[in-house]
Amino acid sequence: MKITVIGTGYVGLVSGTCLADVGNDVLCLDVDPAKIKILEEGGIPIFEPGLQDMVRRNVAAGRLHFTTDIERAAHFGTVQFIAVGTPPGEDGSADMKYVTAAARNIGKYMTDYKVVVDKSTVPVGTADAVRAAITEELQKRGVSTPFSVVSNPEFLKEGAAIDDFMKPDRIVVGCDDEQAAHNMRALYAPFQRNHDRMILMDIRSAELTKYAANAMLATRISFMNELANLAEKLGADIEHVRRGIGSDPRIGYDFLYAGAGYGGSCFPKDVKALIKTAAVDAGIHLKVLNAVEEANDLQKHVLANKIKARFGADLTGKHFALWGLAFKANTDDMREATSREVIKDLIAAGATVTAYDPVASAEAKHCFPNELRLSYADNQNAALDNADALVIVTEWKEFRSPDFDNLKAKLRNPIIFDGRNLYDPKTVRGLGFEYLAIGR
Ligand code: NAI
């Protein structure tokens with residue numbers, strides 16, 4: 001099948017590459033010429049395990065192409081995936097300007113039947129807006145080329161994106177016509193494995209499903225974070241509590257880890273957008289989700305608050321080693337990362353910070369341009385030089401079993417603030433560390 005993917009970010013590039021890998025002819029469009037240049041030169045503009053090799057393999061096989069040419073992209077695919085960003089607008093609602101522009105570009109140039117697929121996370125009603133934008137462009141041209149609009153939200157996780165796309169738990173497709181449903185079935189047939197994973201539904205339900213999934217996951221995190229704060233005050237250990245409740249199959253173990261708040265390109269913005277959609281479009285105040293967001297905003301300051309409680313509110317002259325910048329392991333994504341708040345808080349209190357992340361330092365430099373109080377180390381050991389304490393923000397594997405003797409020798413004080421609960425408190429404290437984790 002011929003497929004155009006509009007937007008070559010985390011979702012578009014992974015989707016396009018995986019669709020090429022199963023034999024489709026895929027053209028990826030982006031309006032950012034720098035991204036397309038990197039791709040044309042054999043690189044990739046993001047960090048995602050396994051993606052570089054897969055891109056190269058499919059480019060070499062002649063199934064994967066990149067362009068900034070909007071007209072060519074609109075002609076190319078029978079299926080046109082919209083995978084552009086939907087960042088939060090000033091009021092918290094999803095900013096739809098990129099989606100609308102992508103839809104208009106399709107309408108401006110398409111000359112035969114298209115299945116236009118919303119893969120971006122978009123508010124309920126977006127398919128109608130996409131349909132209206134394309135129709136308007138067709139009318140301007142005085143043509144009535146047929147097209148369908150489908151909602152097909154993406155559930156991949158950065159860091160495990162290829163596996164998630166190639167072996168999905170579910171493929172949600174919101175569709176209101178047979179021809180588009182037929183196309184989507186054919187497109188996803190190679191990803192079904194041993195049983196049908198496609199869940200067909202109406203378009204609005206599909207749009208809401210994506211927000212509901214992320215809102216549920218964010219809720220679990222904020223719930224556990226609040227309980228962690230409580231456990232700490234009551235002398236309990238949230239890790240024991242997690243195992244105790246996770247063993248109930250109605251609850252399950254996944255996504256029950258307490259930490260220093262959720263970040264990333266999805267949960268914060270999607271929770272905000274759902275709250276906003278509910279309020280504006282339906283007149284409903286979502287009490288639970290508002291609390292989830294409020295709890296998370298506070299949680300992102302928990303690490304810095306612990307540091308200030310230990311060293312005093314004025315951190316002038318103090319220096320901290322920070323392990324982990326990305327919002328989670330296995331990605332270089334810094335969008336809404338907790339590290340940003342921790343660094344801002346520490347610097348505002350007068351401290352200096354040396355950070356190490358296996359892949360996200362370049363992104364972090366964009367977030368903190370000209371910040372003289374923040375420096376970057378080339379490895380986790382170098383970050384420890386002259387530090388008054390170690391602060392762990394991201395759960396990279398390489399942070400899980402450090403050389404504690406070396407840590408103790410390098411740090412000015414043997415103190416670890418662990419925002420990811422990576423270590424067993426008894427063991428670390430037994431080694432002579434002051435260990436301040438989350439909820440333990
Ligand atoms: P991103 O910001 O990494 O990439 C978006 C790309 O679209 C950028 O390269 C941008 O230059 C390009 N673009 C913008 N307007 C365009 C246009 N008119 N034509 C062509 N290209 C255009 O975004 P990301 O993270 O890939 O997310 C895309 C959507 O997928 C969002 O709605 C997001 O919520 C959703 N999503 C993201 C996931 C993630 O893990 N990042 C997971 C599941 C869904």
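Reader: Which helices each supply at least two residues of the shell around the ligand?

Author: The model discussed here is a predicted one. In it, at least two residues of the shell around the ligand come from each of two elements, namely helix 1 and helix 5 (97-109).

Reader: How many residues surround the ligand, and which are the closest?

Author: The shell around the ligand divides into 12 nonpolar, nine polar and five charged residues. The ligand is surrounded by 26 residues, and the closest are Gly-7, Gly-9, Val-11, Ser-120 and Thr-121.

Reader: How many residues of helix 1 are buried, and against which elements do they pack?

Author: Helix 1 is mostly covered, with 12 of its 12 residues buried. Among them are Tyr-10, Val-11, Cys-18 and Asp-21. The buried residues pack against strand 1 (2-6), strand 2 (25-29), helix 3 (51-60), strand 3 (64-67), strand 4 (79-82) and helix 7 (161-166).

Reader: Which residue with a positive phi follows helix 1?

Author: The phi of this residue is near 110 degrees. The residue that follows helix 1 is Gly-23.

Reader: Where does UniProt place the feature "active site", and is that residue buried or exposed?

Author: An unreviewed UniProt entry places the feature "active site" at Cys-266. This residue lies in the loop between helix 10 (238-246) and helix 11 (267-282). A residue is buried if 20 or more other C-beta atoms lie within 10 Å of its own. Cys-266 has 25 C-beta neighbours inside 10 Å and therefore counts as buried.

Reader: Which residues does Cys-266 touch, not counting residues up to four places away in sequence?

Author: Thr-121, one of the residues closest to the ligand, is also one of the residues that Cys-266 touches. With residues up to four places away in sequence not counted, Cys-266 touches Thr-121 and Asn-214.

Reader: What separates the C-alpha atoms of Arg-220 and Asp-254?

Author: Arg-220 is in helix 9 (residues 203-234) and counts as partly exposed because it has 17 C-beta neighbours inside 10 Å. Leaving aside neighbours within four places in sequence, Arg-220 is in contact with Phe-255 and Leu-256. Arg-220 and Asp-254 are 34 residues apart along the chain, and their C-alpha atoms are separated by 9.3 Å.

Terms used: Residues numbered from 1 in each chain as written. Predicted model: local features only at pLDDT ≥ 70, side-chain atom pairs only at ≥ 80, totals over all residues. Helix = DSSP H or I, 4+ residues; strand = E, 2+ residues; numbered from the N terminus. Contact = placed C-beta atoms within 7 Å. UniProt positions renumbered as here; feature names shortened; annotations may be inferred. Near = placed C-beta within 6 Å. Nonpolar A, V, L, I, M, F, W, Y, C, P; charged D, E, K, R; others polar.
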